[in-house]
Amino acid sequence: MIGRGYWLGLAWALWLLAGPVLAQAPAARPAPPETRRYAIEVAGVRVGTMTATRAPQTATTDAVFTLTSDVKVNFLVYNLKIYYQVVNRVRNGQLLLSTVEAHTNQGDFASRTEWKGDHYDIVADQYKHHYRATEKQPIRYTVTDMFFGEPQGQTRAFAEYFGDFFTVQRTAAGKYKAERDGREDEYQYANGELVVLIKKNPLKNFIIRLL
């Protein structure tokens, strides 16, 4: 007759064997990426595309945001070619690292903003724009965030490309104005979703429309 001790021993052995298997159970999968696609127009002509993506990295609040723009304009003496990508790494709503790579017909450029534990190191080397700074306050709202909902309650947005801030102002229901150093952008939302972005330019405005 098999005693009670035998069964207890067998159960204990099975538990030890199962332990490593249980420890290797897959972690919870992050939510699928959220993507917004836009057409870029100049004078009614489509000249490029813009794509904004928000990708959760874990079951926590970590996420990677990307904003990619690809533009080619050829109007008589006005020729422009720009491809740039912003990548923002965010944890608990705070920007940890932002990188910007730009490839244009005027050369290649880059910007980088990195949290060092008590401040950000900011370096922006873009076309006719060179900027170095430190920022001690955690950055919790950026221009890329404006693609994923109205900037309600926000008075400024970090401009990853330039390494400094746009001021943000609500002008009407669903409409906001973002200004920086004489530059003005207009954001238009419908049901909380960005549907039109107007990047104002002395020559021709760039109209970015949700597809």
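Q: Why are strand 12 (residues 183-190) and strand 13 (residues 193-199) said to pair?
A: Two strands pair if DSSP finds at least two bridges between them. Strand 12 and strand 13 have six bridges, in the antiparallel sense, so they meet the rule. Strands here are DSSP runs of E with at least two residues, numbered from the N terminus. This is a predicted model: local features need pLDDT of at least 70, side-chain atom pairs count only at pLDDT 80 or more, and totals for chains, interfaces and linings use all residues. Residues are numbered from 1 along each chain as its sequence is written, and side-chain values use heavy atoms, with hydrogens and water left out.

Q: How do you know that strand 13 also pairs with strand 14 (residues 206-210)?
A: Four bridges join these antiparallel strands. The rule asks for at least two, so the strands pair. Leu197 stands opposite Ile208 in strand 14. The hairpin of strand 13 and strand 14 has six residues between the strands.

Q: What makes Glu34 and Arg54 a salt bridge?
A: A salt bridge is a side-chain nitrogen of Lys or Arg within 4 Å of a carboxyl oxygen of Asp or Glu. For Glu34 and Arg54, the N to O distance is 2.5 Å, so the pair qualifies. Glu34 lies in strand 1 (residues 34-42) and Arg54 in strand 2 (residues 45-56), so the pair ties together parts 20 residues apart in sequence.

Q: Why does the pair of Arg91 and Asp62 count too?
A: Their closest N and O atoms are 3.2 Å apart. That is within 4 Å, so this is also a salt bridge.

Q: Is Asp62 called buried or exposed, and why?
A: Buried means under 20% relative accessible area, exposed over 50%, and partly exposed in between (1.4 Å probe, protein chains only). Asp62 has 16%, so it is buried. Arg91 has 44%, so it is partly exposed.

Q: Why is Arg132 called exposed?
A: Arg132 has a relative accessible area of 53%. Arg132 forms a salt bridge with Asp125. Asp125, at 26%, falls in between the cut-offs, so it is partly exposed.

Q: What makes Thr68 a contact of Tyr83?
A: Contact means heavy atoms within 4.5 Å. Leaving aside neighbours within four places in sequence, Tyr83 meets this rule with residues including Thr68, Glu101 and His103. Tyr83 is found in strand 4 (residues 78-91).
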